[in-house]
Amino acid sequence: MSSRGEILDISGCGSDIFAIITNTPNMQTARPAIARYIPLVRGSWSVLSLARRIYYMPVAGTRIYGFHTQIYLCKSEKNDVSSLFIPVKVLRNEDDIGVGEELSSKLKKEDILKILNQFHKRPQIRKLSEENGLNNRLFEQAFISFRKFCMDSENLPTDLHIIVSDIIHGSGHVDDIVPFFLKHAHQVFPHLECMEELKKISDLRLPANWYPEARRITRKIIFHAGPTNSGKTYHALERFITAESGIYCSPLKLLAGEVQEKTNSRGTPCDLVTGEERKYANSDGTPAGHVACTVEMAPTNIPFKVAVIDEIQMIRDFGRGWAWTRALLGLVADEIHICGEAAALNLIKHMVSELGEEMEIRSYKRLTKLTIEDNPLGSLDNVERGDCIVCFSKNDIFSVSLQLERRGHKCAVIYGALPPGTKLVQANKFNDPLNPCKILVATDAIGMGLNLSIRRIIFYSLMKPSMNEKGEKEMDTLTTSQALQIAGRAGRYGTQFDEGFVTTFRAEDLPVLKEIMSRPVQPITTAGLHPTADQIELFAYNLPHATLANLIDIFLSLSQVNTASYFMCNVEDFKFLADMIQHVQLPLRARYVFCCAPINRKIPFVCSMFLKFARQYSHNDLLTFEWLKTSIGWPFNPPQTIMDLVHLEAVFDVLDLYLWLSYRFQDLFPDSERVRMIQHELDKIIQEGVYSITSLLQTGGFEKDQVITEEQLSGHNEDIQTRSMQSKSDDVFVKAASSVSIGKGQLTQQLLDKGLLTHQMLKQLQKEWEEGGNNNGRKIVTKEKKKPKRTRK
């Protein structure tokens with residue numbers, strides 16, 4: 001297959017699609033028929049993505065192997081990479097003193113335009129341009145630029161002036177302009193000079209070759225395969241702790257911190273390295289022989305005796321999968337212990353065999369029994385000691401917590417946005433047999449990194465938000481892997497519960513859960529890749545006028561990936577940050593590093609601070625604590641409402657961002673230690689807020705069926721920030737009230753279209769808002785715009 005083609009694997013419908021392709025006169029009639037089989041697709045592309053690709057790409061041929069069909073899809077012009085190249089403006093030659101006019105004659109603009117139009121209409125010119133890399137789109141853009149250059153220039157370049165003059169006087173042919181046009185086209189589109197080099201840079205078919213130091217040694221790979229609570233990670237860590245030197249690669253900084261503490265407690269000095277933190281076991285700050293790190297921070301140039309890569313199934317993750325691929329291919333270690341689901345076994349075996357390395361497989365079974373109950377919970381009145389209610393949205397977390405407290409149950413709360421320290425405090429509160437808190441309400445954040453004494457997992461819902469390969473949020477039913485990962489937290493070995501149970505909250509979900517958990521886990525077939533800084537830097541050298549986001553788009557379009565084993569990870573967050581700071585003057589390497597920052601782009605306050613950091617850096621100004629505290633509202637006040645708590649979580653993320661940048665730009669982010677101190681202070685304030693979360697919910701007027709939008713959860717930061725810096729008073733001025741408009745947003749229209757909201761309900765909401773029903777005694781002041789004064793003439 002040529003590098004310009006792509007391969008799709010379609011299972012279960014190969015012969016039917018083959019019949020459609022071979023029995024229809026053309027693809028235009030075949031496409032609608034093929035579209036009927038789109039829901040059957042299981043592969044690296046989403047349904048919509050595949051449908052779009054099939055519609056726009058002609059099928060060149062098929063091969064059928066039993067139940068599997070490979071369709072070779074060649075890129076058509078609608079998906080052509082040329083659409084990504086932005087034309088460069090060519091400046092006029094101001095130094096030309098009109099020598100051409102002296103040697104021939106003066107040219108009239110209307111005569112030049114007439115000649116250019118003749119040039120544009122000739123089919124031979126288009127064919128010749130295509131042979132030189134200019135398809136129809138590029139030809140049109142290049143011609144528009146060339147015509148503008150000729151018409152706007154007071155004096156044409158001497159040689160072009162003479163050629164045009166000869167054509168006007170009948171002693172030349174319009175085709176004589178071709179060399180000048182092609183020269184101009186290469187200035188407009190610099191990639192025409194270096195396309196082959198760009199293709200070589202973006203060739204990702206052999207990612208193992210990116211790590212020459214790992215290829216110089218023969219590594220021993222041990223795969224510890226088993227479900228949650230099977231002891232696989234325990235055995236790998238035992239080898240790690242007793243080795244002469246070692247590295248542990250964790251999916252979470254919380255888990256990395258736990259392993260670091262455990263290793264040090266066993267008498268083996270171990271450092272901690274995450275994106276935002278460094279802890280050294282040796283008092284003099286020299287590196288220890290062992291290190292526990294997040295997988296993204298794993299070095300590929302430091303030799304170790306033993307390496308442990310945990311949760312290898314994350315290699316398929318659309319956002320972070322590249323980090324596990326990098327660790328597996330690039331770690332320089334004599335022994336590499338891989339822990340994770342057996343679903344990744346065949347993929348890892350294939351990747352290891354391509355490296356010429358051998359792999360030993362050690363299989364584990366669950367240490368405790370896990371039982372799916374025959375009855376749903378039905379009501380929160382039926383909760384028992386050791387229950388964990390798993391929700392997949394903050395709204396459900398808040399609603400369930402409030403209802404449990406009203407029933408007299410003390411509950412712990414854990415969700416992804418909480419700081420690691422707060423999560424640990426909530427986990428210890430739930431695990432403590434002497435603490436009255438016996439119920440846990442959590443998201444799937446409990447699936448990794450926390451040791452919890454859970455007797456029963458209760459799925460409040462089976463619909464979970466997920467991220468597709470385009471970075472788009474989707475709602476889908478839990479996969480078998482996700483259900484087993486979460487349900488497996490019940491009945492953990494070594495806790496007070498020697499057997500685990502799992503059920504659902506709603507009766508209609510229970511048979512669905514049983515069916516999901518009875519299925520075999522879908523094998524993992526591909527591993528994630530991501531363009532490196534060096535590759536993008538080489539691209540920028542050849543395309544100096546392209547923006548960073550544009551460079552990424554071009555790189556992905558030209559990239560060649562072995563789709564049988566790899567896929568390109570989602571880069572939408574990266575491009576979003578690149579576009580945000582495009583107007584800020586930064587060196588390319590620094591711009592790339594800024595765009596790699598692990599921030600949630602859905603939180604406006606975090607994004608605004610990210611932009612401020614980039615601007616300060618571009619001005620070469622120190623980002624001191626004194627500068628930072630005015631933007632984050634320090635000193636912090638305890639949260640009074642749930643929105644206050646959400647804002648403090650956003651502030652914590654901003655401090656994390658500062659610390660992350662401080663390890664990459666130490667000269668301009670000098671106050672990392674002081675920032676870490678106030679981050680610990682903020683963590684304790686958030687802990688207090690979560691401890692009294694039900695009172696915050698009641699203060700904020702949160703009710704059982706109330707829906708807090710994502711914009712509300714992530715927004716209003718500016719208002720809360722202003723309030724935190726004001727002195728305490730009885731009446732709080734909420735600026736957001738004046739900007740809220742009920743019934744005019746996109747969400748409102750979507751709810752109306754789906755029948756979830758009626759116009760009558762909308763009017764009632766408007767009325768309740770105007771009457772201040774959600775204020776709970778707090779004053780909302782709205783400022784009316786003053787009418788402009790009229791002045792007499």
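The model is predicted: local features need pLDDT of at least 70, side-chain atom pairs count only at pLDDT 80 or more, and totals for chains, interfaces and linings use all residues. Residues are numbered from 1 along each chain as its sequence is written, and side-chain values use heavy atoms, with hydrogens and water left out.

Start with the sheet. Its elements carry DSSP labels: helices (H or I, at least four residues) and strands (E, at least two) are DSSP runs, numbered from the N terminus. Strands of a sheet pair through backbone hydrogen bonds, either parallel or antiparallel. Here, two strands pair if DSSP finds at least two bridges between them. The sheet is open and has 8 strands, in the order E7-E6-E8-E5-E9-E10-E4-E11. Its pairing is mixed. Strand E7 (278–279) and strand E11 (359–363) stand at the edges. Each has a single partner strand, so one side of each is left without a neighbour in the sheet.

Now take strand E5 (residues 246–250). Buried means under 20% relative accessible area, exposed over 50%, and partly exposed in between, with a 1.4 Å probe and protein chains only. In E5, 5 of the 5 residues are buried, so the strand is largely enclosed by the rest of the structure. Both faces are covered. Gly246, Tyr248 and Ser250 are buried on one side of E5, and Ile247 and Cys249 are buried on the other.

Which strands flank E5 in the sheet order? They are E8 and E9. E5 pairs with strand E8 (residues 290–294) in the parallel sense, over 5 bridges. Within that pairing, Ser250 stands opposite Thr294 in E8. Strand E9 (residues 304–309) also runs parallel to E5, joined by 4 bridges. There, Cys249 has Ile309 of E9 as its bridge partner.

Move on to E9. Of its 6 residues, 5 are buried, so E9 is largely enclosed by the rest of the structure. E9 and strand E10 (residues 333–340) run parallel, with 5 bridges between them. Ala307 stands opposite Ile336 in E10.

Strand E6 (residues 270–273) and E7 run antiparallel and are joined by 2 bridges. Val273 has Arg278 in E7 as its bridge partner. Helix H13 (residues 253–265) lies across E5, E6, E7 and E8. H13 runs at about 170° to E6. Axes are lines fitted to C-alpha atoms, for helices over the stretch in contact, and angles run from 0 to 180 degrees between N-to-C directions.

Ala288 sits in the loop between E7 and E8. Is Ala288 buried or exposed? At 16% relative accessibility, Ala288 counts as buried. Contact means heavy atoms within 4.5 Å. Leaving aside neighbours within four places in sequence, Ala288 is in contact with Pro269, Cys270, Asp271, Ala281 and Asn282. The C-alpha atoms of Ala288 and Leu272 are separated by 9.7 Å, with the two residues 16 apart along the chain.

Next come the helix pairs. The axes of helix H17 (residues 420–431) and helix H27 (residues 672–691) come within 9 Å and cross at roughly 40°. That makes H17 oblique to H27. Angles under 35 degrees count as roughly parallel, over 145 as roughly antiparallel, 65 to 115 as roughly perpendicular and the rest as oblique. Gly421, Thr422, Val425, Gln426 and Lys429 in H17 meet Asp683, Ile686, Gln687, Val690 and Tyr691 in H27. By class, this contact has 4 nonpolar, 4 polar and 2 charged residues. Ala, Val, Leu, Ile, Met, Phe, Trp, Tyr, Cys and Pro count as nonpolar, Asp, Glu, Lys and Arg as charged, and the others, Gly among them, as polar.

Look at Thr422 in H17. At 1% relative accessibility, Thr422 counts as buried. Not counting residues up to four places away in sequence, Thr422 touches Asp683, Ile686, Gln687 and Val690.

The other pair is helix H6 (residues 123–131) and helix H7 (residues 136–152), whose axes come within 10 Å and cross at roughly 110°. That makes H6 roughly perpendicular to H7. Ile125, Arg126 and Ser129 in H6 meet Asn136, Phe139 and Glu140 in H7. By class, the contact of H6 with H7 has 2 nonpolar, 2 polar and 2 charged residues.
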